[in-house]
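I opened a notebook for this structure and wrote down what I looked up, one topic at a time. The entries are meant for someone who has not seen it before.

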Amino acid sequence: MSIPTASSNASLRAFLHGLPGVDRVGADARAAGLGTRSIKTTAKRQAIDMAISMVDLTTLEGADTRGKVRAMCAKAVHPDPTDPTVPRVAAVCVYPDLVAEARDVVGSSGVKVASVATAFPSGRSSLEVKVADTAMAVAAGADEIDMVIDRGAFLSGDYVKVFEEIQAIKEACGEAHLKVILETGELATYDNVRRASWLAMLAGGDFIKTSTGKVQPAATLPVTLVMLEAVRDFRDREGRMVGVKPAGGIRTTKDAIKMLVLVNETAGPDWLDPDWFRLGASSVLNDLLMQRQKLTTGRYAGPDYFTLD
Amino acid sequence: MSERLSVRKTYKLYIGGAFPRSESGRSYVVTGAKGEFLANASKASRKDVRDAVTAARKAFPGWSSATAYNRGQILYRIAEMLEGRRAQFVSEVAEADGVSGKKAGELVDAAVDRLVWYAGWSDKISSLRGSANPVAGPYFNLSTPEPTGVVGVVAPPMGPLFGLVSVIAPVIVTGNTCVVIASERAPLPSITLAEVLATSDLPGGVVNILTGSAGEMAPWLAGHMDVNGLDLTGADAELAQKCEELAAENLKRVLRPNGKTDWAADPGTGRMTAFLETKTVWHPIGI
């Protein structure tokens, strides 16, 4: 089966519907099986540090203030101010109007600034507005753009619309990396997740991301598994590597480590890098820090000793 | 027809209102006063301690903000439920302590009375520990007692029911939540008590009961940064010293009674006040 070059609904449909179907029971069982791996002591220590360095520390609330964003960005640069050996996180993720604020705090620390765009989280707006939204975030200094796809168009089979929209946003991004949010919680089947993943990669996305975090279920293990298989197969065919970002519902260190196991066993160790795998979350960072402190001090840590966020 | 097989009870842990087995899968043999086999009890591990502390922390906001009246009513309810299962407790206490049925009955009655006694304190302790302080200025200055938080309790090895109730009730009546390490020698009444607690309107997680080795679990509880108080009544001298050292790191409130406690004596308010903080509020007069 050839990769479609000319974009028409018919050719995209022929390609996407020609992808092998996902065995739902098999995917669930595989993800659950990998979730039982026991990662302890020094391996756990390594996994925790790796997970911290992959976190996209996120705040996407209507109630976000400049102060809250500044506090979160300070935490992104120094997750645990009492322990300089803790790595910094990969990025902070904010709404477009707060990008400049975030940029100001993270400065040249190496922490990237990501911004959601394209009428996040619903994606219900015209292409012009979405492009303008993206351009505004990029102009304010965003290194990465998290766009949402038009799920309505995708589910009704208008693949070209979704494809062209991703292309247009990619163009508006310029130098910035583009993460494409599939919102898997609204895609209904794993087959759709696989198709949406391929569509986003074909259209030029640098990352595929599970969810906005506003819809449940969000980043489940089986959905992440299907997406990791997609990026693996895409590299085999096209030679281009695409990153994966599960987001939403990752709350504990155990959840995060399960994701890392899944990456290693599905896409392979090439993806075990903040450039190719991210964890979109906020509360998981404190749990990672608490577990890290437990390994360092030998006593269980308490949430009283970490920042509220 | 074949003879009916009796259904034996599985003694498990009590964490967050549920009865899980130990995460470690371990158990140990519990024997009676004469060395006869009684049952297998769960042998909890440090991870069960961790889970119990998480459950206790989760239960704390709800329990500490319940009205004193409501907490008192729930303690009365525990006493009622305990009374209703008197026969079961009498036989378990008799087996564990090797005492006569009559003596065991007295111990169970004493436990019920102790609960009622502490229940009555729920809305009175603030009058005892609170005060209106005279200050040099146009302010009301009021001090009120507040619960400390999550309290770790090492229950006394002797007095598997009476002693246990006498250490749990004073901790929870003021709004604390607790993780209790039951008597290692006689843990069975503690799990039966957990069944009483689970059916007494006491929110899950307010009391968590672990059976197993105190020497193994207590240091984890003492070192845990999310535990605010520690009652070392049941710890021997060596263990108590070790726990006190660990508890010093995050300034836990530690109760370490001198010598042997006589449970039959008037308990006084010491056990309640050991796990209370004082909140003082200044309020301008005339506004």
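The entries below go from chain B as a whole to its sheet and helices, and then to chain A.

**Entry 1: chain B as a whole.** I noted before anything else that this is a predicted model. In chain B I found ten helices and ten strands. I then looked up the radius of gyration of chain B, which is 20 Å, close to the 19 Å that the globule rule gives for 287 residues, so chain B is as compact as a globular protein of that length. Along its principal axes the C-alpha trace of chain B spans about 85 × 40 × 35 Å. Of the 287 residues in chain B, 46% are buried. I also looked at contacts in chain B with a separation of 6 or more, and residues 24 or more positions apart account for 76% of them.

**Entry 2: where the chains meet.** How many residues of chain B are in contact with chain A? I found six, and they are in contact with seven residues of chain A. The residues on the side of chain B that touches chain A divide into two nonpolar, two polar and two charged.

**Entry 3: a sheet in chain B.** I traced an open sheet of five strands in chain B, in the order S7-S6-S5-S8-S9, and its pairing is parallel. Which strands stand at the edges? They are S7 (207-210) and S9 of chain B, and each has a single partner strand, so one side of each is left without a neighbour in the sheet. Neighbouring strands of this sheet are turned by 15° against each other on average, with direction ignored. As a reminder to myself, strands of a sheet pair through backbone hydrogen bonds, either parallel or antiparallel. I followed one pair in detail: S6 (residues 177-181) of chain B and S7(B) pair in the parallel sense over four bridges, and B:Val180 has B:Ile209 as its bridge partner in S7(B).

**Entry 4: two helices of chain B.** Helix H6 (residues 162-173) of chain B lies across strands S5 (150-154), S6, S7 and S8 (229-231) of that chain, and H6 runs at about 165° to S6(B). I next turned to helix H7 (residues 188-198) of chain B, which is mostly covered, with eight of its eleven residues buried. Among the buried residues of H7(B) are B:Leu188, B:Ile191, B:Leu193 and B:Val196. What covers the buried residues of H7(B) includes strands S1 (27-31) and S2 (37-42), helices H2 (68-84) and H3 (86-97), and also H6 and S7 of chain B.

**Entry 5: B:Arg256.** I found B:Arg256 in the loop between strand S9 (253-255) and helix H10 (270-273) of chain B. Is B:Arg256 buried, exposed or partly exposed? B:Arg256 has 17 C-beta neighbours inside 10 Å and therefore counts as partly exposed, since a residue is buried with 20 or more and exposed with 12 or fewer. Leaving aside its neighbours within four places in sequence, B:Arg256 is in contact with B:Leu232, B:Ala240 and B:Glu244. The C-alpha atoms of B:Arg256 and B:Val281, 25 residues apart along the chain, are separated by 31 Å.

**Entry 6: backbone of chain A.** Most residues other than glycine have a negative phi, and most peptide bonds are trans. With that in mind I looked up some exceptions. A cis peptide bond joins A:Phe120 and A:Pro121, with omega about 0°, and A:Pro121 lies in the loop between strand S3 (112-117) and helix H6 (127-139) of chain A. In that loop between S3 and H6 of chain A I also found A:Ala119, whose phi is positive, near 55°. The peptide bond from A:Gln216 to A:Pro217 is cis as well, with omega near -5°. A:Ala188 has a positive phi of about 70° although it is not a glycine, and A:Ala188 is exposed, with 11 other C-beta atoms within 10 Å.

**Entry 7: helix H8 of chain A.** I checked the length of H8 (residues 159-173) of chain A: at 1.5 Å a residue its 15 residues should span 21 Å, and its end C-alpha atoms are 21 Å apart, which agrees. The buried residues of H8(A) include A:Phe163, A:Ile166 and A:Ile169. H8(A) is followed by A:Gly174, whose phi is positive, near 65°.

Note on methods
Residues are numbered from 1 along each chain as its sequence is written. Chains are lettered from A and ligands numbered from 1 in the order in which they are written. This is a predicted model: local features need pLDDT of at least 70, side-chain atom pairs count only at pLDDT 80 or more; totals for chains, interfaces and linings use all residues. Ala, Val, Leu, Ile, Met, Phe, Trp, Tyr, Cys and Pro count as nonpolar, Asp, Glu, Lys and Arg as charged, and the others, Gly among them, as polar. Two strands pair if DSSP finds at least two bridges between them. Axes are lines fitted to C-alpha atoms, for helices over the stretch in contact, and angles run from 0 to 180 degrees between N-to-C directions. The radius of gyration is taken over C-alpha atoms; the globule rule is 2.2 Å times the number of residues to the power 0.38. The expected span of a helix is 1.5 Å times one less than its number of residues.
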